[in-house]
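Here is a structure to read step by step.

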Amino acid sequence: MEQTLSIIKPDGVKKQIIGDVIRRFENRGLSVKAMRMLQMTKEDAMGFYAVHKERPFFDSLTDFMCSGPVVVMVLEGEKAIALNREIMGATNFKEADEGTIRKDFASSIESNVVHGSDAPETAKTEIAYFFSSLDIMA
């Protein structure tokens, strides 16, 4: 079994689609092993997205991520990282497959409802950013 981090971004929380997003994960075989709603500070967002520090979208992204509450989750399942990314759809919602979260709910590349880890190493780091081992159900 593999674990990955998923974030329902401020636009997803604002649209009140938290349940719809979680249902899509669960319907495809992913289990929620930890979850919390929180409000990131600018510093929290900058730390989480530090890998993008030199990218031109860094300030805009970190401003957006602290613009409202988010829901962070640890998802678990067979090939959870790849499956989560499939369920989310392409980062650019205009290129996302029909029936994916981003195709159905996103309004821009930045306001694309969800974030998901892209690799096992990233997932481990991202999960640890928000959760201790005591927070994650076995």
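The dialogue below takes up the model, the annotation, salt bridges, the pocket and aromatic pairs in turn.

Q: What kind of model is this, and how are residues numbered?

A: This is a predicted model, in which local features need pLDDT of at least 70 and side-chain atom pairs count only at pLDDT 80 or more, while totals for chains, interfaces and linings use all residues. Residues are numbered from 1 along each chain as its sequence is written, and side-chain values use heavy atoms, with hydrogens and water left out.

Q: Which residues does the UniProt domain annotation cover?

A: UniProt positions are given in the numbering used here, with feature names shortened, and annotations may be inferred rather than shown by experiment. In the unreviewed UniProt entry, "domain: Nucleoside diphosphate kinase-like" covers residues 1-138. That span is 40% helix and 19% strand, and its end C-alpha atoms lie 11 Å apart. Helices (H or I, at least four residues) and strands (E, at least two) are DSSP runs, numbered from the N terminus.

Q: How many salt bridges does the structure hold?

A: A salt bridge is a side-chain nitrogen of Lys or Arg within 4 Å of a carboxyl oxygen of Asp or Glu. The structure holds seven of them. One joins the side chains of Glu86 and Arg28, at 2.4 Å from N to O. This pair links distant parts of the chain, 58 residues apart: Glu86 is in helix 5 (residues 80-88), and Arg28 is in the loop between helix 2 (18-27) and strand 2 (31-38).

Q: Which other residues form a salt bridge with Arg36?

A: Asp135 does, and the closest N and O atoms are 3.6 Å apart. Asp135 lies in the segment after helix 7 (120-130) and Arg36 in strand 2, so the pair ties together parts 99 residues apart in sequence.

Q: What is the volume of the largest pocket?

A: Rolling a probe the size of a water molecule over the atoms shows where empty space is left. On a 1 Å grid over the protein atoms alone, a pocket is an open set of points where a 1.4 Å probe fits, with protein on both sides within 12 Å along at least five of seven lines; lining residues have an atom within 4 Å of a point. Points are joined across faces, edges and corners, and a volume is the space filled by probe spheres set on them. The largest pocket has a volume of about 560 Å³. Of its 25 lining residues, Tyr49, His52, Phe57, Leu61 and His115 are the closest to its centre. Helix 7 gives the largest share of the lining, four residues.

Q: How many aromatic pairs are there?

A: A pair of aromatic rings is described by the distance of the centres and the angle of the planes. Rings of Phe, Tyr and Trp (its six-membered ring) pair if their centres lie within 6.5 Å; planes under 30 degrees apart count as stacked, over 60 as edge-to-face and the rest as tilted. The whole structure has four such pairs. Phe48 and Phe130 form a tilted one, 5.2 Å centre to centre with 45° between the planes. Phe48 lies in helix 3 and Phe130 in helix 7, so the pair ties together parts 82 residues apart in sequence. Both Phe48 and Phe130 are buried.

Terms used: Buried < 20%, exposed > 50% of the residue type's maximum accessible area, 1.4 Å probe, protein only.
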